[in-house]
Amino acid sequence: MTMNKKQHIVVFTGAGMSAPSGLATFRDPDGIWSRYNVEEVATPQAWAADPNKVLEFYNIRRTQLADVEPNEGHRAIAALEEKYQVTVITQNVDNLHERGGSSSVLHLHGELTKVRSTADPALVYDIGTGLLNPGDLCEKGSQLRPHVVWFGEQVFHTEEACEAIAGCDILIVAGTSLQVYPAAGMILYASPTAERYLIDPGSPEAPENFQHLNGSVDILLPQLARTLLDR
Ligand code: APR
């Protein structure tokens, strides 16, 4: 009996993935960037100028994380692992993909539940949905910072993410406006033979060869997963 190799699905997600769970996106009308100035809370300059304001911004978002659950979209992605190799590549810093059951998640922009040393970036600690305050120090005595990628900083897992997209059989892009690079540019690495789906109620600028499923992730991902699992 020949073991047939599992097909590989990459699911590339953004803030819209967590919208049905109750977490705000960034660029929708009521989005985070309509309430906060990104220059004051999500750049190295902001951290240098007013670290307390940056710490508070992430404390508010981390506290919100304690009150929300994965949605049917997260669970549908995890269900695909029954029959496919599934790699989740997310711009989101929440842990809803993991809590929804996904076993392979690459966080391009870091993780809200983790903090790291400002003296040694290799020192990363998991604080769950706890608070990070001024004076919270790493084992080397330096202030801890959110383990989140700020604008102007290096994105994580770039090579691994581009390799996964280049090698996948099916690429599903869900809940992202595709406006932030280099993340948004990674979807161009998909091979011409890969099946491509874009799930969004809006119409983000996506390359023309994506099948646009116009609606919410918590409705459309379960439907798409059903179709892919019934093949
Ligand atoms: N289902 C599917 N898509 C949705 C839903 C939903 N229920 N609700 C909103 N969306 C879509 C919006 O139409 C939009 O296209 O999700 C997208 C959200 O876009 P952004 O708010 O720009 O979020 P994202 O693309 O993840 O931003 C990328 O920008 O600020 C930085 O680091 C931050 O990772 C973030 C990056």
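Biologist: Let's start with Cys162: what is its relative accessibility, and does that count as buried or exposed?

Modeller: First, a caveat: this is a predicted model, so local features need pLDDT of at least 70 and side-chain atom pairs pLDDT 80 or more, while totals for chains, interfaces and linings use all residues. Residues are numbered from 1 along each chain as its sequence is written, and side-chain values use heavy atoms, with hydrogens and water left out. Buried means under 20% relative accessible area, exposed over 50%, and partly exposed in between, using a 1.4 Å probe and protein chains only. With a relative accessibility of 11%, Cys162 counts as buried.

Biologist: Which cysteine sulfur is nearest to that of Cys162, and how far away?

Modeller: A disulfide here is a pair of cysteine sulfur atoms within 2.5 Å, and the structure holds zero of them. Cys162 is in no disulfide, and the nearest cysteine sulfur, 12 Å away, is that of Cys168.

Biologist: On to the rings: how are the planes of Tyr36 and Phe57 set, and what kind of pair is that?

Modeller: Rings of Phe, Tyr and Trp (its six-membered ring) pair if their centres lie within 6.5 Å; planes under 30 degrees apart count as stacked, over 60 as edge-to-face and the rest as tilted. The structure holds five aromatic pairs. For Tyr36 and Phe57 the centres are 4.8 Å apart and the planes stand at 65 degrees, so the pair is edge-to-face.

Biologist: How far apart in sequence are the parts that this Tyr36 and Phe57 pair ties together?

Modeller: Helices are DSSP runs (H or I, at least four residues), as are strands (E, at least two), numbered from the N terminus. Tyr36 sits in the loop between α1 (32-35) and α2 (38-41), and Phe57 in helix α4 (residues 51-65), so the parts tied together are 21 residues apart.

Biologist: Which residues form one aromatic cluster with Phe57?

Modeller: Phe57 is buried at a relative accessible area of 2%. Its ring and that of Tyr58 have centres 4.9 Å apart and planes at 75 degrees, so they too are edge-to-face. The cluster has Phe57 together with Phe26, Trp33, Tyr36 and Tyr58.

Biologist: Where does Tyr197 find its opposite residue in β9?

Modeller: Strand β8 (residues 195-199) pairs with β9 in the parallel sense over three bridges. The residue opposite Tyr197 in β9 is Gln211.

Biologist: How many residues of strand β6 are buried?

Modeller: Strand β4 (residues 110-117) pairs with β6 in the antiparallel sense over four bridges, and Ser117 has Leu144 as its bridge partner in β6. Strand β6 (residues 144-148) is largely enclosed by the rest of the structure, because its buried residues number five of the five.

Biologist: Last one: what does His109 contact, leaving aside its neighbours within four places in sequence?

Modeller: His109 lies in the loop between β3 and β4 and counts as buried at 14% relative accessibility. Contact means heavy atoms within 4.5 Å. With those sequence neighbours left aside, the partners of His109 are Thr90, Gln91, Val93, Val148, Val149, Val155, Val180 and Ala183.

Key. Pairing = 2+ DSSP bridges.
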